[in-house]
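Here is a short briefing to read alongside the sequence and the 3D view. Keep the viewer open and follow the topics in turn.

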Amino acid sequence: MTSPNSSSGGDDASFGGWRACDVCGEPIDTIEEAALGVRGSLLDERRAAIAETGQEPGLVPWDWGHRVCFDILEPLYVIDGPKMNTLPRMMARTLQLMDEAWFLETAWEDAVRRFYRVPFE
């Protein structure tokens, strides 16, 4: 599979590779069949835990996988692979997501760092 950006791997923002599908465990052959999504049910569970205990549990993870596998997850929000296959596109998604009320409840940084080595500075 070809890297989605032309980075040579030496810079901090170089591509880290596509993972296997979180749902079925099979490799993802093309970016066109891939997606990243967040489940509303996990957001609801997190909010219920906060209401019950008064303590914040961890952030809600983003699922990565084949777009067709996501139907069983019933995601609240899905980003199709071609919309995040470069670091500038991933940054554009970040800016879009910042408008969503639930965004700060998700582990978006972890999702981005799955694929791109972004400096902490």
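Three strands make up an open sheet, in the order S2-S1-S3 with antiparallel pairing; strands here are DSSP runs of E with at least two residues, helices are runs of H or I with at least four, and both are numbered from the N terminus. Two strands count as paired if DSSP finds at least two bridges between them. This is a predicted model, in which local features need pLDDT of at least 70 and side-chain atom pairs count only at pLDDT 80 or more, while totals for chains, interfaces and linings use all residues. Residues are numbered from 1 along each chain as its sequence is written, and side-chain values use heavy atoms, with hydrogens and water left out.

- As a reminder, strands of a sheet pair through backbone hydrogen bonds, either parallel or antiparallel.
- Strand S1 (residues 34–39) pairs with S3 in the antiparallel sense over 5 bridges. Arginine 39 stands opposite proline 75 in S3, and valine 38 is opposite tyrosine 77 in S3.
- S1 also pairs with S2 in the antiparallel sense, over 4 bridges. On that side, alanine 34 has histidine 66 in S2 as its bridge partner.
- S1 is mostly covered, with 5 of its 6 residues buried; buried means under 20% relative accessible area, exposed means over 50%, and partly exposed lies in between (1.4 Å probe, protein chains only).

**The nonpolar core**

- The largest nonpolar core has 24 residues, and those with the most contacts inside it are Leu36, Trp62, Trp64, Met90, Leu97, Trp102 and Trp108. Such a core is a set of buried Ala, Val, Leu, Ile, Met, Phe, Trp, Tyr and Cys residues joined through side-chain atoms within 4.5 Å.
- S1, helix H1 (40–53), helix H2 (87–97) and helix H3 (108–115) each supply at least two residues of this core. The largest share, 4 residues, comes from H3.

**Which residues of H3 are buried, and what covers them?**

- Trp108, Ala111, Val112 and Phe115 are buried in H3. These residues cover an arc of only 95 degrees around the axis, so they are on the same side of H3; the arc is that of the directions from the helix axis to the C-beta atoms.
- The cover over the buried residues of H3 includes S1, S2, S3 and H2.

**Aromatic pairs**

- There are 6 aromatic pairs, counting rings of Phe, Tyr and Trp (its six-membered ring) whose centres lie within 6.5 Å; planes under 30 degrees apart are stacked, over 60 edge-to-face, and the rest tilted.
- Tryptophan 62 and tryptophan 102 form a tilted pair, at 6.1 Å centre to centre with 50 degrees between the planes. This pair links distant parts of the chain, 40 residues apart: tryptophan 62 is in the loop between H1 and S2, and tryptophan 102 in the loop between H2 and H3.
- Tryptophan 62 is buried at a relative accessible area of 1%, and tryptophan 102 is buried at 9%.
- The ring centres of tryptophan 62 and tryptophan 108 are 4.9 Å apart with planes at 70 degrees, so this pair is edge-to-face. Tryptophan 62 lies in the loop between H1 and S2 and tryptophan 108 in helix H3, so the pair ties together parts 46 residues apart in sequence.
- Ring pairs link Trp62, Tyr77, Trp102, Phe103 and Trp108 into a cluster.

**Alanine 20**

- Alanine 20 lies in the segment before S1 and is partly exposed, with a relative accessible area of 35%.
- Leaving aside neighbours within four places in sequence, alanine 20 is in contact (heavy atoms within 4.5 Å) with Gly25, Glu26, Pro27, Ile28 and Trp64.
- The C-alpha atoms of alanine 20 and tryptophan 64 are separated by 8.0 Å, although these residues are 44 apart along the chain.

**The protein as a whole**

- The protein has 3 helices and 3 strands, running β-α-β-β-α-α from the N terminus on.
- Of the 121 residues in the protein, 37% are buried.
- Among contacts between residues at least 6 apart in sequence, 70% join residues at least 24 apart.
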